[in-house]
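Open the model in a viewer and keep the selection panel at hand. The tour goes from one selection to the next and says what to look for at each stop.

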Amino acid sequence: MWGSPMKLASGYTVIANGQIVDGTGAPPVRDGVVVVNDGKIAYAGSVVRQPAVPPDAKRIDARGGTIMPGLVEAHFHPTYFNVAALEDLDIKYPAEYASLLAAANARLALECGYTAARSGGSLFNIDVWLKKAIEKDIHLGPRLAASGREICGAGGMMDWNPDFRKIGMEGLVMLVNGPDEARTAVRRLVKDGVEWVKTYPTGDAATPDTNDHHTLCMTFEEMYAVVGTAHNHKLKVTGHCRATEGIKNALKAGYDTIEHGTFIDDEGLEMLLKRDVPCVPALQFEQASIELGREFGLPQRVIDAHQETLEGGAESARRILRAGGRLGMGGDYGFAWNPHGDYAKELTFFVKYVGFSPLETIKCATKFGAEIMGRGDEFGTLEAGKLADILVVDGDVVADMSLLEHRSQFIAVMQGGIIKAGELARATGLA
Ligand SMILES: [Zn+2]
């Protein structure tokens, strides 16, 4: 149902002279070759076993660098426009302008090597329509999974407009009181055409007064009603889960993924592993909030709470990975201190500070990302039969993960075998 009609390349392309990092976590293959035929991967492996190709095959020289799957942003907010204050997310701009900003962010993400992304929530219904435009090749961007508006309990972290303003949160969030309203909200999303329902089971360091990171923002009954209704209509459910009880409520209610999973305890970890529920920690956001928060006027107690969140989140991520769980790389980009375009900083952070190996981190950012989107059989690894969503990088990303932060290092960013960004796209006037 979610298969993409995005155009595929025709004919053969051979990408050679680089190491293959295939996204499965396997060691790099030196002297690697990827053969693309009609937009799909026909072969990925050592040059020694490369199959014959027609003489008119196109050739891409990886210059001794890295050939890897396109990256997957697992928590992408296309409509967050690098705001410095939470309040600005909601009513600062009308849908028309927010759509244009989202389109620019989507193109930027593709240029940054992200060939797919799962929305973590969007103003109005913009990501649903952005996805359609991208799939119809009207606009450049990652293959998207859309979430539309988010759901939060009334009085919860996303319910920040006081009543005297006489405005709700119609653009960004549907506020619910009780399971009936939760069902109503999901039913509206069904009609909007989303694939994911994004909820707020818990608060956050960013809203310390009444909804901090240890506070619940939805009841179990509301969450259970969301899941029952969403699953009935074949939608998946995720949620902003920091507090220990909120994580367990989400897992008990049947959530399909967990965002953040910050303060997971033993019982929560066991529940997560039992159903193999992926988690998207999004830690560079915390790091950036700590590093740059003062500059942007965040109060010290908010910065301290981000520190606690960072430490809790890093520990949870390590525990989940070591126990054999799945993690996605996504970063809540779209705030002034972690703007769009910085997406790959998440990967560097996991290698440098969380202690993941480069290959583990890349697997999270490719294979697991695709699986989170429910499209692991279509892309996310360099394996025969998958879409040729490929990133060719000038340099050894295993030795230096931070190369992925620099678009200038990209020789080619391909979707379905078509070069959409990177140096070769610029050279041919495509980007
Ligand atoms: Zn988010």
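Start with Leu391 in the strand view: its bridge partner in β15 is Val413. This is a predicted model, in which local features need pLDDT of at least 70 and side-chain atom pairs count only at pLDDT 80 or more, while totals for chains, interfaces and linings use all residues. Residues are numbered from 1 along each chain as its sequence is written, and side-chain values use heavy atoms, with hydrogens and water left out.

**Stop 1: the strands around β14**

Select β14 (residues 390-393) and β15 (residues 410-415), which run antiparallel and are joined by four bridges. Strands here are DSSP runs of E with at least two residues, and helices are runs of H or I with at least four, numbered from the N terminus. Two strands pair if DSSP finds at least two bridges between them.

Show the side chains of β14. Ile390 and Val392 point one way, Leu391 and Val393 the other, and all are buried (under 20% relative accessible area; exposed is over 50%, partly exposed in between; 1.4 Å probe, protein chains only). In a regular strand the side chains alternate between the two faces of the sheet.

**Stop 2: the zinc ion**

Select the zinc ion with His75, His77 and Asp332. The ion is coordinated by NE2 of His75, NE2 of His77 and OD of Asp332, at 2.0 to 2.1 Å. Donors are N, O and S atoms within 2.8 Å of the metal (3.2 Å for Na, K and Ca); water is not among the atoms, so sites may look incomplete. Along the chain the donors follow the spacing H-x1-H-x254-D. His75 lies in strand β5 (residues 71-76) and Asp332 in the loop between α9 (300-322) and α10 (345-354), so this pair ties together parts 257 residues apart in sequence. His75 counts as buried because its relative accessibility is 1%; Asp332, at 8%, counts as buried too.

**Stop 3: Thr361**

Go to helix α11 (residues 358-372) and pick Thr361. Is Thr361 buried or exposed? At 0% relative accessibility, Thr361 counts as buried. Leaving aside residues up to four places away in sequence, Thr361 touches Met329, Leu347, Phe350, Val351, Phe356 and Met401 (contact means heavy atoms within 4.5 Å).
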